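Please keep the sequence and the structure in view while working through the numbered points.

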Amino acid sequence: MPANQKKKHLILGIVLDLVGMASFFIPGIGMFLDIIWAPIAAWFMTRMYKGQAGKTAGVVTFIEEILPGMDVVPTFTLMWIYTYVIRKQKTVEAL
């Protein structure tokens with residue numbers, strides 16, 4: 001994948017993680033916002049990362065966003081690290 005695409009995924013992922021964390025800091029209506037944000041975040045995850053890994057990450061993102069107090073977990077950034085750092089290393093080692 002081109003370096004430009006990797007950079008776009010990283011920046012978008014950080015922005016989406018910040019959006020998800022924002023509801024954590026809004027007392028009273030934060031949980032209501034999470035109910036709306038959880039399926040949206042899961043949808044974004046499956047669009048950014050294709051295949052089984054994207055589907056699995058979408059489910060994890062949904063659960064992370066819907067559970068109270070879990071908003072601080074940066075799932076988009078973690079998925080970027082898995083996709084472009086960890087999985088890439090495994091592919092190179094297999095060669």
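Is Met70 buried, exposed or partly exposed?

1. Overall make-up. The model under review is a predicted one. The chain has four helices and zero strands, and its elements follow one another along the sequence as α-α-α-α. Along its principal axes, the C-alpha trace spans about 50 × 25 × 20 Å. Of the 95 residues in the chain, 32% are buried. The accessible surface amounts to about 6,000 Å², and carbon and sulfur atoms account for 75% of that area.

2. The pairing of α1 with α2. Helix α1 covers residues 3-22 and helix α2 covers residues 30-48. Their axes come within 11 Å and cross at roughly 170 degrees. Angles over 145 degrees count as roughly antiparallel, and α1 and α2 are therefore roughly antiparallel to each other. On the α1 side, the residues that meet α2 are His9, Leu12, Gly13, Leu16, Val19 and Gly20. Their partners in α2 are Asp34, Trp37, Phe44 and Met48.

3. Met48 as an example from this pairing. Met48 lies in helix α2. Residues under 20% relative accessible area are called buried, so Met48, at 9% relative accessibility, counts as buried. Leaving aside neighbours within four places in sequence, Met48 is in contact with His9, Leu12, Gly13, Leu16 and Phe76. One of these, Leu12, is 36 residues away from Met48 along the chain, yet the C-alpha atoms of the two are separated by 9.2 Å.

4. The pairing of α2 with α3. Helix α3 is formed by residues 51-66. The axes of α2 and α3 are 8 Å apart, and the two helices pack at an angle of about 170 degrees. These helices are therefore also roughly antiparallel to each other. The contact is made on the α2 side by Met31, Asp34, Ile35, Trp37, Ala38, Pro39, Ala41, Ala42, Met45 and Thr46. On the α3 side it is made by Gly54, Lys55, Ala57, Gly58, Thr61, Phe62, Glu65 and Ile66.

5. Which residues does Thr61 touch, apart from its neighbours within four places in sequence? They are Ala41, Ala42, Met45, Thr75 and Phe76. Thr61 belongs to helix α3, and its relative accessible area is 0%, so Thr61 is buried. Thr46, by comparison, lies in helix α2. With its neighbours within four places in sequence again left aside, Thr46 is in contact with Gly54, Lys55 and Gly58. Thr46 and Lys8 are 38 residues apart in sequence, and their C-alpha atoms are 15 Å apart in space.

6. Met70, and the opening question. Met70 is placed in the loop between α3 and α4, the latter being residues 75-94. Its relative accessible area is 35%, so Met70 is partly exposed: this value falls between the 20% limit for buried residues and the 50% limit for exposed ones. Met70 and Phe24 are 46 residues apart in sequence, and the distance between their C-alpha atoms is 8.6 Å.

7. Where does Ile26 sit? It is found in the loop between α1 and α2. Ile26 has a relative accessibility of 34% and therefore counts as partly exposed. Together with Ile29, Phe32, Leu33, Ile36 and Ile40, Ile26 makes a nonpolar surface patch of about 500 Å².

8. Ala22 in α1. Ala22 is part of helix α1. With a relative accessible area of 36%, Ala22 is partly exposed. Between Ala22 and Val85, which are 63 residues apart along the chain, the C-alpha separation is 27 Å.

Methods: Residues are numbered from 1 along each chain as its sequence is written. This is a predicted model: local features need pLDDT of at least 70, side-chain atom pairs count only at pLDDT 80 or more; totals for chains, interfaces and linings use all residues. Side-chain values use heavy atoms; hydrogens and water are left out. Patches are made of residues with over 30% relative accessible area and no salt bridge: like charges are joined within 9 Å, nonpolar side chains (Val, Leu, Ile, Met, Phe, Trp, Tyr) within 5 Å. Accessible areas come from the Shrake-Rupley method with a 1.4 Å probe; for residues, only the protein chains shown count as cover. A salt bridge is a side-chain nitrogen of Lys or Arg within 4 Å of a carboxyl oxygen of Asp or Glu. Buried means under 20% relative accessible area, exposed over 50%, partly exposed in between (1.4 Å probe, protein chains only). Axes are lines fitted to C-alpha atoms, for helices over the stretch in contact, and angles run from 0 to 180 degrees between N-to-C directions. Angles under 35 degrees count as roughly parallel, over 145 as roughly antiparallel, 65 to 115 as roughly perpendicular and the rest as oblique. Contact means heavy atoms within 4.5 Å.
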